[in-house]
Amino acid sequence: MIKISFIGGGNMARSILGGLLAEGFHPQQLRVSGPRPSSLEALEAEFGVTTSQDNMSVCAGADVIVLAVKPQVMQSVCEQLCGHIAADTLVISVAAGITCASLSHWLGGQPAIVRAMPNTPALIRAGAAGLFANALVTLEQRALATQILGAVGLACWVEREPLIDAVTAVSGSGPAYFFLFMEAMIAAAQEQGLDAATARALTLQTALGAAKLALSSGDDIGVLRRRVTSPNGTTEQAIKSFEQSDLQGMVSAAMTACRARAEALAQELGA
Ligand SMILES: NC(=O)c1ccc[n+]([C@@H]2O[C@H](COP(=O)([O-])OP(=O)(O)OC[C@H]3O[C@@H](n4cnc5c(N)ncnc54)[C@H](OP(=O)(O)O)[C@@H]3O)[C@@H](O)[C@H]2O)c1
């Protein structure tokens, strides 16, 4: 029976725990450590998992250790775990901006490490995560990492670690881009006279419907767009306006800035 231990029991750990239990994992397979007894008691009550304030004790006998602490405390947590992780244990880090080399250095050796970049819709099991494995990760461990991140949504592998920063720019930060666009649509809808509730309901359902249609259709996204853009029609005017403002250039610049910040964070927080 696979045993998974979480170091840190915050939002991301809770999402993954919920997903794993829904996928059929037994609470006895799951352990969590963290500093605050009240948080740990809440996790025990909600999920039935075993908890401890001692990070090292939950590592004993674990097949997988999920490092789910903030990037700023990752170094001290890893240095504490150094020497307490068995050679055949897989370490999965969900921390933004911390490289495999830094994790390996702080953990004092060459553990099998998967770096994952999940996103907040993991909270409702609609996440999208990018994963990178270092050279020591076995095929079985890759499958396990896919299963763990897959329990809260889509899990996509990238073959070079720098591409995790590109994943950050797409899906890691992406929910905020769509929220921003939805906020703008809701505000514009209200300017055009719709009440706030109607503006919100229509905008959110349109976002959901467009994503669902794109996912279920075999057609290219551009084909779907052109299908609602009749010549001389209403949508065409809106699309022309977006193009005049260089929407593509704005999105590209925003994602380049996001990726650059992810690279800088790795420098600031790394070993
Ligand atoms: N949330 C997201 O959407 C998201 C997306 C992508 C990546 N991530 C990554 O996921 C990681 C966790 O983020 P989060 O949103 O889950 O943060 P969070 O809710 O603040 O959870 C962090 C947890 O770590 C615990 N903790 C603090 N110091 C610790 C220590 N020394 N040993 C063990 N546990 C400790 C905290 O306990 P207390 O609360 O009791 O202090 C808290 O439960 C971060 O590295 C973040 O970059 C998150």
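The ligand is surrounded by 27 residues, the closest being Gly 8, Gly 10, Met 12, Arg 36 and Ala 95, where a residue is near a molecule if its C-beta atom, placed from the backbone, lies within 6 Å of it. This is a predicted model, in which local features need pLDDT of at least 70, side-chain atom pairs count only at pLDDT 80 or more, and totals for chains, interfaces and linings use all residues. Residues are numbered from 1 along each chain as its sequence is written.

Helix 1 (11–22) and helix 4 (71–81) each supply at least two residues of the shell around the ligand; helices (H or I, at least four residues) and strands (E, at least two) are DSSP runs, numbered from the N terminus.

The sheet is open and mixed, with 8 strands in the order 3-2-1-4-5-6-7-8, and strands pair if DSSP finds at least two bridges between them.

Strand 7 (residues 127–133) runs parallel to strand 8 and is joined to it by 5 bridges, and Leu 131 has Trp 157 in strand 8 as its bridge partner.

Leu 131 is also among the contacts of Val 114, which include Leu 90, Ile 92 and Phe 132 when neighbours within four places in sequence are left aside; contact requires C-beta atoms, placed from the backbone, within 7 Å.

Conventions
Two residues are in contact if their C-beta atoms, placed from the backbone, lie within 7 Å.
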